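Hello,

Here is the structure for you to look over. My notes follow below it.

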Amino acid sequence: MNISLSEAGLNERCIIEKIDAPIEEKLRLYDFGFMPERFVMPMYASFLKGIRAYMIKGTLIALRQECSDKISVRLCDE
Amino acid sequence: MSDFVVALAGNPNVGKSTLFNALTGLKQHTGNWSGKTVECAEGKFEFCGKNFRVVDLPGIYSFYSDSAEEKAAKEYILSQRADMVIVVADASCLERNLNLCLQAMDMFDDVVLCLNFMDEAQKHGIGIDEKRLSDILGIPVICTSARQGEGVDKVREAAFDISENDLSINPFKAEIMHKGEEERSLGYMHLSEEICRSVCVKNNKGFEFQKKIDSIILSPKLGIPVIILFLTILFFITAKLANYPSQFLGFVFSLAGVKLSSILDVLKVSSAVKSLVLDGIYGTTSFVVSVMLPPMAVFFPLFTFLEECGFLPRIAFSLDGVFKKVNANGKQAITSMMALGCNAAAITNCRIIGTKRERFIAVLTNNFIPCNGRFPLIIVLSSVFIADGKGFLTALAVVGFLVLSVCIMILTSLFLSKTFLKGEVSSFVLELPPYRRPQIKKIVVRSILDRTVFVMGRSITAAMPAGALIWFLQNISADGTPLMLHIAHFFDAPARIMGLDGIILASFFIGFPANETVLPVIFMCMGGMNNVGEIADMGAFAAVLAQNGWTHITAVCTILFSICHFPCATALATIKKETRSFIYTAFAFFMPVAVGFMLCTIANFILNLF
């Protein structure tokens, strides 16, 4: 089952399915490595919940919820 | 013969400016966070009798991006002004960085790939077969650790060989630059992954330590307390250590003042000129150097240490929720932290914020964060009037004022985002770099020799004429009253409402060229320059202020107005440059004054109740 990246729990390994964002935002996410069929893992959440840091391709990238909502993922264990 | 132009391109925070400094001997700002370089910088070096011009470009993720912060780099590369391009890549995350190199190779023939941070990559168990990578790409691949200066000569050699056509380059062309945007972007990324699979070996060592630290610093519960703790320690060390050089400099200036007086006597200058030189120019300048400079000299290396570690983006991460709530960009937290060093530099760095609306909010509210020119005033007055000279209490008081300044900045950002600068909040992606061990020796030398000496030079340049001006205002009379008293009288009514007096308020205006001159000007206007040696003695300092009617309330209100008053001349000129608008520049001048007036009035009213 696909969920949005913002819904995935911390330390849950996910695989990106697709990104539903305007093209400019989508290209920027590709630059950071957020591409279909790539692993991503939510690592840390900020105290006001809006932003989380994700481990992708060995780098920590922080995304606001509005952005991670647009990334569909499936959990790796499924 | 014209110089051979070498452009340094690469993702943000891959060490381009460090390599640029190593190649040219210049001192571009470096630090461990994305977006430090916002303007193209140029430098030169000579190798084997040939002159090279090096252009350090701001970090760029893709040559096909339309984002505002990458515009300068993209335009430069596309203008084909460079004779060759060195793509600097972080060897510890090559897969992502190689993307840009492949794009550059599709546009240029003379491309060199520089794998920087090789030491770090090896530490993390990442091995790269650079020979094989070079064969696949068809371009020279050079391994460097620019921070240690390793491999820099190989970069020079490669530039020389290319300029002499001695190097055979046959770059691999992906030839997908004319495809659709999405297909092209994915195509480059897939190609990068494929190449990396064949040249990289990863053991993923050494990340456990980073994870442990991040689990505390990025924790939702501990993140903010840890930031406050770090800042408290920073200001505690600053307040404690600054005392010793301050007392020493006070002693030296006292002796030098006696010598200068003797010299002036030998020269038989008039008593008026002697007073102008000694009490006016020398007194103010020695105050700036002995009282205001030591806290800066201690603060700068400590702040640079945090910057080099990679702490700043983590602060932005922890504070982002607050900025989001006020409809501002999370990167504003980074530019706000930079303001602790210098508001003008931080305002220029607001270019890392992509949209005009959010950038303007960051520019217009940046001045609420006190810069190094204002911190000595806050530290000295907190120490004397609030903490009774106790280092830890001083640090707590200073951090308290800093937290207040952040709150004011956030509230004014909210006000702007609801009124003049309404709009949608933009998407926000922030890279959290790996922690890097700072090079202590380099930090100390760079902070003291570059930053502190630069600030001191600027301060002295502003303090000398300010001292002379104050002397004239005190010694030239109109209607039998010194001009200074007329000015003080003019400012006195609003100042009293704010818990200040006319002299203090006038001093802020006289200190407009440089914030670090405000306290010396106040002190001089009070006639406190009779013995320069006593300046650094906090007891004597407090006594002079108390004789002039200063209370705890005066000190608190002076600190509050120091946080909330107009930007200094340099910062204001930068605001004009960045906004290209007289209206916004005027707004940036008057808005903090209005906020400061309100805040001081409220503080004065409340504190007088007790």
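A:Arg38, A:Lys57, B:Glu95 and B:Glu193 are connected in a network of salt bridges (a side-chain nitrogen of Lys or Arg within 4 Å of a carboxyl oxygen of Asp or Glu). Before the rest, the ground rules. This is a predicted model, in which local features need pLDDT of at least 70 and side-chain atom pairs count only at pLDDT 80 or more, while totals for chains, interfaces and linings use all residues. Residues are numbered from 1 along each chain as its sequence is written, chains are lettered from A and ligands numbered from 1 in the order in which they are written, and side-chain values use heavy atoms, with hydrogens and water left out.

**Salt bridges**

The whole structure holds 28 salt bridges over all chains. One of them pairs B:Glu193 with A:Lys57, with the closest N and O atoms 2.4 Å apart. B:Glu193 sits in helix 7 (residues 181-199) of chain B and A:Lys57 in the loop between strand 4 (51-56) and strand 5 (59-64) of chain A, so the pair joins two chains. Helices (H or I, at least four residues) and strands (E, at least two) are DSSP runs, numbered from the N terminus. B:Glu193 is buried at 5% relative accessibility, whereas A:Lys57 is partly exposed at 22%. Buried means under 20% relative accessible area, exposed over 50%, and partly exposed in between (1.4 Å probe, protein chains only).

Within chain A, A:Asp31 bridges to A:Arg28 at 3.4 Å between the closest N and O atoms. They are 3 residues apart in helix 1 (residues 23-31) of chain A, about one helical turn. A:Asp31 is buried at 5%. A:Arg28 is buried too, at 15%.

**Sheet in chain B**

An open sheet of 6 strands runs in the order 2-3-1-4-5-7, with mixed pairing (two strands pair if DSSP finds at least two bridges between them). Strand 2 (41-47) and strand 7 (141-143) of chain B are the edges; each has a single partner strand, so one side of each lacks a neighbour in the sheet. Strand 1 (residues 4-10) and strand 3 (residues 50-56) of chain B run parallel, joined by 5 bridges. B:Val5 has B:Arg53 in strand 3 of chain B as its bridge partner.

**Helix 24 of chain B**

B:Ile606 lies in this helix. At 40% relative accessibility, B:Ile606 is partly exposed.

Best wishes
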